[in-house]
Each structure stands twice: as structure tokens, then as C-alpha cells.
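I opened this notebook to record what I looked up in one protein model. The sequence and structure are placed here for reference.

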Amino acid sequence: MQIDWAALGQVFGVSLVVTVGLVGVFTLGIVGTSRKPAEAAGGDAAATEPTAVARTGAYACFALCAAAVGYGIYLIVA
């Protein structure tokens, strides 16, 4: 049995980059939907809500994560 080490290295590299990228995008989504601490906002409850741009960006990050997971499932099933 011969092991193609170059192909194995490529698979490892691509999986590492995609995994780190997907975790980073998911993290951006969580940060975009999180609230600021109340003491940093001066105690104003309305100021602790994320802005509409941040929330929209966070939803886009979550949609990208869902698309990547769906594509992975498609590749496995097909």
C-alpha cells in the first residue's frame, strides 16, 4: 500500500484553513449579536443592543456558516 503524502498534506491543509475560517466567521456572528456590558454603555438599556448593521452582519455570518455546513453535507451525500 502506497500513501500519497502530498495529497494527504493538501487535505490536511485545506481542512485546517476551512475549519479555522468557519470558526472565525461563526465567532464574528456571535460577537455581532452580543450585547455590550451595561457599565460600558453608561447604564442605558437601549445602548446595550447591537446596531442594525452589526446584527445584519452577524446574520450574514451565520448564513455563511449554514451554507458551508450544507455544502459539506451535499459533498458527503452525493
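**Entry 1, conventions.** I worked from a predicted model, in which local features need pLDDT of at least 70 and side-chain atom pairs count only at pLDDT 80 or more, while totals for chains, interfaces and linings use all residues. Residues are numbered from 1 along each chain as its sequence is written, and side-chain values use heavy atoms, with hydrogens and water left out.

**Entry 2, overall.** I looked up the secondary structure and found two helices and zero strands. Helices (H or I, at least four residues) and strands (E, at least two) are DSSP runs, numbered from the N terminus. The protein has 78 residues, and 10% of them count as buried, that is, under 20% relative accessible area with a 1.4 Å probe and protein chains only. I then checked contacts (heavy atoms within 4.5 Å). Of those between residues at least 6 apart in sequence, 53% join residues at least 24 apart.

The expected span of a helix is 1.5 Å times one less than its number of residues. Helix α2 has 26 residues and reaches 37 Å from first C-alpha to last, close to the expected 38 Å.

Which residues of α1 are buried? I found Val25, Gly29 and Gly32, and they pack against α2. In α2 the buried residues are Ala58, Cys61 and Cys65, and these pack against α1 (5-33).

I searched for disulfides, defined as a pair of cysteine sulfur atoms within 2.5 Å, and the count comes to zero. Cys61 is in no disulfide, since its nearest cysteine sulfur, that of Cys65, is 7.0 Å away, too far for a bond. Cys61 counts as buried because its relative accessibility is 15%; Cys65 counts as buried because its value is 9%.

Val69, Ile73, Ile76 and Val77 form a nonpolar surface patch with about 440 Å² of accessible area together. Ile73 is found in α2 (residues 52-77).

Key: Buried means under 20% relative accessible area, exposed over 50%, partly exposed in between (1.4 Å probe, protein chains only). Patches are made of residues with over 30% relative accessible area and no salt bridge: like charges are joined within 9 Å, nonpolar side chains (Val, Leu, Ile, Met, Phe, Trp, Tyr) within 5 Å. Accessible areas come from the Shrake-Rupley method with a 1.4 Å probe; for residues, only the protein chains shown count as cover. A salt bridge is a side-chain nitrogen of Lys or Arg within 4 Å of a carboxyl oxygen of Asp or Glu.
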